[in-house]
Amino acid sequence: MKAKLDAGRALLYQTARYVDIYKALDDIARERKLTPEERQEQKKYAKLADSFTPLAKGMNSEYANQNAYDCIQIHGGSGFMMDYACQRIYRDARITSIYEGTTQLQTVAAIRYVTNGSYIATIRDYEAVPCSPEMEPLLSRLKKMADKFEESTNAVKETQDQEILDFTARRLMEMAADCIMAHLLIQDASKAPELFAKSAHVYLNYAEAEVEKHAGFIKGLDKEDLAFYKR
C-alpha cells in the first residue's frame, strides 16, 4: 500500500513540476518575447505535462481504490463498520476513477503518447539519471522492463489494427506508468533512502510483475481472440 502511495505521489509531483515550468514560461511570454531556448523549453514541458497528466490522474485514482480496498480487507469486518474511517475512505475513493474523466478516458488521452514514442523517450532519459549504488540493481531490472514495454508497443503498432490498439491501450498505458513511477521512486530513494528505499524495492517487484503480465498477454494475443470479448 505504501509503495503504491509513494509511487503515485512521485508521479503527481513530477506532473505538477512539468505543469509549473511550462505555465511559468507562458507567463513570461506575456511580458516579453521568449528566447529560442525558452521556446524550446516551453514546448518540451508542455508536451511532458500533457503526457503525464492522464497517467497521474488515471493511476492515482486506481491506486486510491486498490489501497482503500486493501484497507477494508486488513481491518476485516471492523473495516466495514462506521466505527472506523476505512468505510468512508473506500466510498470516497470510488468516485476518483470516474469524475473528471474515467480511467478509460485517461487511457484514450495517454495512448497517443505510447504510440508516438513520448513515454519510452522519457523513460530512456530517466535511465541516464544517476542513482545511488544501492539503487543500481533496481535500475538494471527497470531497463529490462522498459525493453518489454517498447517491444509490446512495437508489436501492437506493427499490426496496424486500430481494434487491437484500442484493446491493448490500457495495458500499454499501465506499462508506461509502471516504468515511469519506478524510475521516480529510484530517484527519490537515491536522495532520501531512509524515506523511499523500501518503497522503491517493493514497488519495483510489483511493477516488474505487472509489466511481465501485460507483455505476455500482448505477445500471445491473436486478432481472432477479440471475438471472444464481444457480445
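**Close-up views of a predicted model**

**View A.** Asp27 counts as partly exposed, at 43% relative accessibility (buried means under 20% relative accessible area, exposed over 50%, and partly exposed in between, with a 1.4 Å probe and protein chains only). The model is predicted, so local features need pLDDT of at least 70 and side-chain atom pairs count only at pLDDT 80 or more, while totals for chains, interfaces and linings use all residues. Residues are numbered from 1 along each chain as its sequence is written, and side-chain values use heavy atoms, with hydrogens and water left out. Asp27 forms a salt bridge with Arg30, the closest N and O atoms being 2.6 Å apart (a salt bridge is a side-chain nitrogen of Lys or Arg within 4 Å of a carboxyl oxygen of Asp or Glu). The two residues are three apart in helix α1 and therefore separated by about one helical turn (helices are DSSP runs of H or I with at least four residues, and strands are runs of E with at least two, numbered from the N terminus). Arg30 is exposed, with a relative accessible area of 62%.

**View B.** A salt bridge joins Arg88 and Asp92, at 3.1 Å from N to O. These residues are four apart in helix α3, or about one helical turn. Arg88 counts as partly exposed at 41% relative accessibility, and Asp92 is partly exposed at 41%.

**View C.** Glu208 and Arg141 meet in a salt bridge of 2.7 Å, N to O. Glu208 lies in helix α8 (residues 193-220) and Arg141 in helix α6, so the pair ties together parts that are 67 residues apart in sequence. Glu208 is partly exposed at 28% relative accessibility, and Arg141 is partly exposed at 25%. The structure holds 15 salt bridges. A network of salt bridges links Arg124, Glu127, Asp147 and Glu150.

**View D.** The largest pocket holds about 280 Å³ of space. The closest to its centre among its 15 lining residues are Tyr18, Lys44, Leu48, Thr122 and Asp125. On a 1 Å grid over the protein atoms alone, a pocket is an open set of points with protein on both sides within 12 Å along at least five of seven lines, a cavity is a set where a 1.4 Å probe fits but cannot get out, and lining residues have an atom within 4 Å of a point. Grid points are joined across faces, edges and corners, and a volume is the space filled by probe spheres set on the points. At least two lining residues come from each of α1 (2-31), α2 (36-75) and α5 (118-127).

**View E.** The largest cavity has a volume of about 40 Å³. Its lining includes Tyr126, Cys131, Leu139, His183 and Ser190. Helix α7 gives the largest share of this lining, four residues.

**View F.** Glu100 is found in the loop between α3 and α4 and is exposed at 71% relative accessibility. Gln160 is in the loop between α6 (136-159) and α7 (162-191) and counts as exposed at 75%.

**View G.** Ser152 in helix α6 is buried, with a relative accessible area of 5%.
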